[in-house]
Amino acid sequence: MWSRLVWLGLRAPLGGRQGFTSKADPQGSGRITAQVIEHLERLALVDFGSCEAVARLEKAIAFADRLRAVDTDGVEPMESVLEDRCLYLRSDNVVEGNCADELLQNSHRVVEEYFVAPPGNISLAKLDEQEPFPHS
Amino acid sequence: MAAPMLRWVGRGRRWTFARVDGGSCHRREAPTGSTSNRIRGRSSVAQQPLYTTQKPRKGEHKWAAVVGLEIHAQISSNSKLFSGSQVRFSAPPNSLVSFFDASLPGTLPVLNRRCVEAAVMTGLALNCHINKKSLFDRKHYFYADLPAGYQITQQRLPIAVNGSLTYGVCAGKKQSQVIPKTVRIKQIQLEQDSGKSLHDDLRSQTLIDLNRAGVGLLEVVLEPDLSCGEEAATAVRELQLILQALGTSQANMAEGQLRVDANISVHHPGEPLGVRTEVKNLNSIRFLAKAIDYEIQRQINELENGGEILNETRSFHYQLGCTMSMRDKEGKQDYRFMPEPNLPPLVLYDATSLPAGADPQQVINIDQIRETLPELPSVTRERLVQQYGMLLEHSFTLLNEVGLLEFFQNVMKETRAEPKKVTSWVLNTFLGYLKQQNLAVSESPVTPSALAELLDMLDSRTISSAAAKQVFEELWKREGKTPGQIVSEKQLELMEDRGALEQLCHSMMEAHPQVVMDLKKGNPRAIRRVR
């Protein structure tokens with residue numbers, strides 16, 4: 001278990017690429033803290049409204065963790081499953097657009113051909129006002 | 001959007017050593033690195049003090065400012081970066097939006113070839129290394145004008161890296177000397193533009209127009225080698241000229257085709273870099289310089305008074321001439337970058353690696369693009385200096401004013417006069433009149449042909465220099481007369497008839513006997529009394 005964790009710690013900066021901000025789980029125990037939940041809720045605007053949801057999340061992470069069982073020492077990471085494909089280049093011609101009416105039908109509110117959205121971003125205070133998340 | 005804090009701190013630590021200099025903003029010793037060889041050998045200009053506060057105190061350290069720029073240039077193309085909807089400045093709201101731009105489910109990005117070519121051209125013109133393989137990523141954040149919830153950009157491996165931009169700063173006694181400076185380019189990447197939001201505070205809502213969403217952008221990231229507003233403004237101006245010469249972007253700041261964000265911090269030379277702030281909403285070159293200088297001074301004042309600088313985003317308010325904190329931005333943004341799963345890596349080729357029998361439409365050859373690069377501004381200036389014998393400063397002025405170079409070249413085409421004469425008339429007289437009345441070259445009442453005709457008359461000694469200035473003033477009145485007409489109407493021709501000239505002299509001498517006596521006595525200036 002510990003060797004796997006150490007190896008995980010070493011894997012993170014591999015490849016010399018500019019890293020993404022990664023969230024390697026230091027404990028390895030599978031528990032998600034309230035802080036992480038809050039952070040995820042803010043970033044992804046999802047609502048982990050119940051213990052069940054968090055438990056499900058923890059199970060999902062544990063399921064994905066089984067990938068670590070694979071030995072990838074010295075193997076160059078893939079960029080994506082499409083990395084062998086050829087990137088198609090389109091000619092610079094105008095072939096789309098002019099469908100404002102169709103698109104606006106998708107919107108709940110419309111003002112003179114503009115989509116209507118709430119002002120700015122929803123402030124964080126409102127999120128905190130929701131029921132405090134019961135994390136066991 | 002504020003860049004993640006991690007990135008800046010990393011950069012800052014790397015460049016601490018390059019910032020050790022006690023010189024002024026316009027008299028810097030060469031920074032360590034590859035640029036030093038180019039700048040070395042140029043004599044330094046008159047000493048200018050570093051930024052000092054209003055009340056100098058004893059033993060006070062000097063401050064040095066560090067400015068890094070992130071420049072977004074809208075690519076000049078017919079259609080958008082990943083979709084086939086049109087790129088146009090003004091159109092009915094949401095009329096230039098495809099299903100992909102509106103991020104409807106089931107749509108996929110398809111890369112526009114022209115945008116890739118534009119990126120390669122720009123990278124080559126800025127001496128960058130072009131990455132033969134570059135990758136696309138998703139940068140996630142929530143905002144109403146970003147329908148997909150993420151922007152497709154190139155964070156891990158951009159299309160071009162490690163370039164340089166050389167610009168000329170005016171210095172010297174009469175601002176007439178041009179000193180070349182270089183700022184390094186960290187990278188150039190392709191990314192999508194977002195839509196436009198119109199805030200309606202009255203009804204507490206935001207109106208979204210997605211016409212701009214998905215338009216291709218070139219993000220040019222400059223290393224923090226700049227140290228004041230003027231350097232930044234000059235560098236951006238040079239970049240504008242380069243992009244316009246290449247045709248990759250119209251780079252018109254007023255129309256939002258060129259947007260600049262500045263990262264500014266101050267520190268004492270020799271000490272670590274200070275906390276930086278990001279300044280946005282800079283939509284003209286003049287405001288760019290003003291905003292940067294204001295922010296530098298604000299930070300100095302704050303620190304001198306014992307305050308601290310917050311790592312925040314500020315907006316420049318041009319009416320008040322100051323920067324203000326933007327409440328909306330949170331401190332740290334986690335963009336959750338991930339590879340764009342719908343796009344394979346972008347592979348570019350050169351003459352040696354070009355696969356045989358490949359469809360030319362589907363491959364991009366860097367060497368071919370390099371061969372077809374148009375003349376860059378720095379080369380144009382060199383050519384003007386060589387061809388017309390003008391000073392380097394003059395060539396800068398000619399290129400800096402929109403349409404002036406073309407005007408000059410048109411005059412040269414039609415006149416026999418010497419290039420130096422033409423240069424002087426265009427840069428001094430013509431430009432002077434334009435500036436006085438705040439006109440653009442395109443609005444000039446004097447056409448190149450008219451000026452050419454005038455200069456021909458001057459060259460053939462039909463009129464005197466003073467008379468020529470008079471004619472020019474008449475031409476400016478836009479009365480539709482040619483220089484020839486004005487000269488004959490006002491009888492400004494230089495007299496050639498010797499007999500008539502002699503008669504004139506005699507009559508003058510008779511009218512002013514005292515002047516004649518003074519002249520004979522050896523006082524040549526007496527002639528001025530005669531009019």
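Reader: Which residue is the bridge partner of A:A117 in strand 10 of chain B?

Author: Start with the general idea. Two strands pair if DSSP finds at least two bridges between them. Strands here are DSSP runs of E, at least two residues; helices are runs of H or I, at least four; both are numbered from the N terminus. Now the case. In this predicted model, the bridge partner of A:A117 in strand 10 of chain B is B:T206. A:V116 stands opposite B:L207 in that strand.

Reader: In which sense do strand 3 of chain A and strand 10 of chain B pair, parallel or antiparallel?

Author: Antiparallel, over three bridges. Strand 10 of chain B covers residues 205-209.

Reader: What is the order of the strands in the open sheet?

Author: The order is 2(A)-3(A)-10(B)-9(B), four strands with antiparallel pairing. Strand 2 (110-111) of chain A and strand 9 (196-200) of chain B stand at the edges. Each has a single partner strand, so one side of each is left without a neighbour in the sheet.

Reader: How do I read the numbering and the confidence limits?

Author: Residues are numbered from 1 along each chain as its sequence is written, and chains are lettered from A and ligands numbered from 1 in the order in which they are written. The model is predicted, so local features need pLDDT of at least 70 and side-chain atom pairs count only at pLDDT 80 or more, while totals for chains, interfaces and linings use all residues; side-chain values use heavy atoms, with hydrogens and water left out.

Reader: What is the area buried between chain A and chain B?

Author: The size of an interface is often given as the accessible area lost when the parts come together. Buried area is that loss (1.4 Å probe), summed over both parts. Here it is about 4700 Å², and carbon and sulfur atoms give 57% of it. Contact means heavy atoms within 4.5 Å. By that rule, 47 residues of chain A and 61 residues of chain B take part.

Reader: How many residue pairs are in polar contact between chain A and chain B?

Author: A polar contact is a pair of N or O atoms within 3.5 Å; within protein, one must be able to donate a hydrogen and the other to accept it, and residues adjacent in sequence count only if both atoms are side-chain atoms. The count is 20 residue pairs, both residues at pLDDT 80 or more. On the side of chain A that touches chain B, helix 2 (34-44), strand 1 (89-90), helix 4 (100-104) and strand 3 (114-117) each supply at least two residues.

Reader: How many salt bridges does the rule find across the interface of chain A and chain B?

Author: A salt bridge is a side-chain nitrogen of Lys or Arg within 4 Å of a carboxyl oxygen of Asp or Glu. Across the interface the rule finds zero. Over all chains the count is 22.

Reader: Where do B:E231 and B:K181 lie?

Author: B:E231 is in helix 4 (residues 229-246) of chain B, and B:K181 is in strand 8 (residues 177-192) of chain B, 50 residues apart. Their closest N and O atoms are 3.3 Å apart, in a salt bridge. Buried means under 20% relative accessible area, exposed over 50%, partly exposed in between (1.4 Å probe, protein chains only). B:E231 and B:K181 are both buried.

Reader: Is B:E401 buried or partly exposed?

Author: Partly exposed, at a relative accessible area of 22%. B:E401 forms a salt bridge with B:K435, with 3.0 Å between the closest N and O atoms.

Definitions and conventions: Buried area is the accessible area (1.4 Å probe) that two parts lose on being put together, summed over both.
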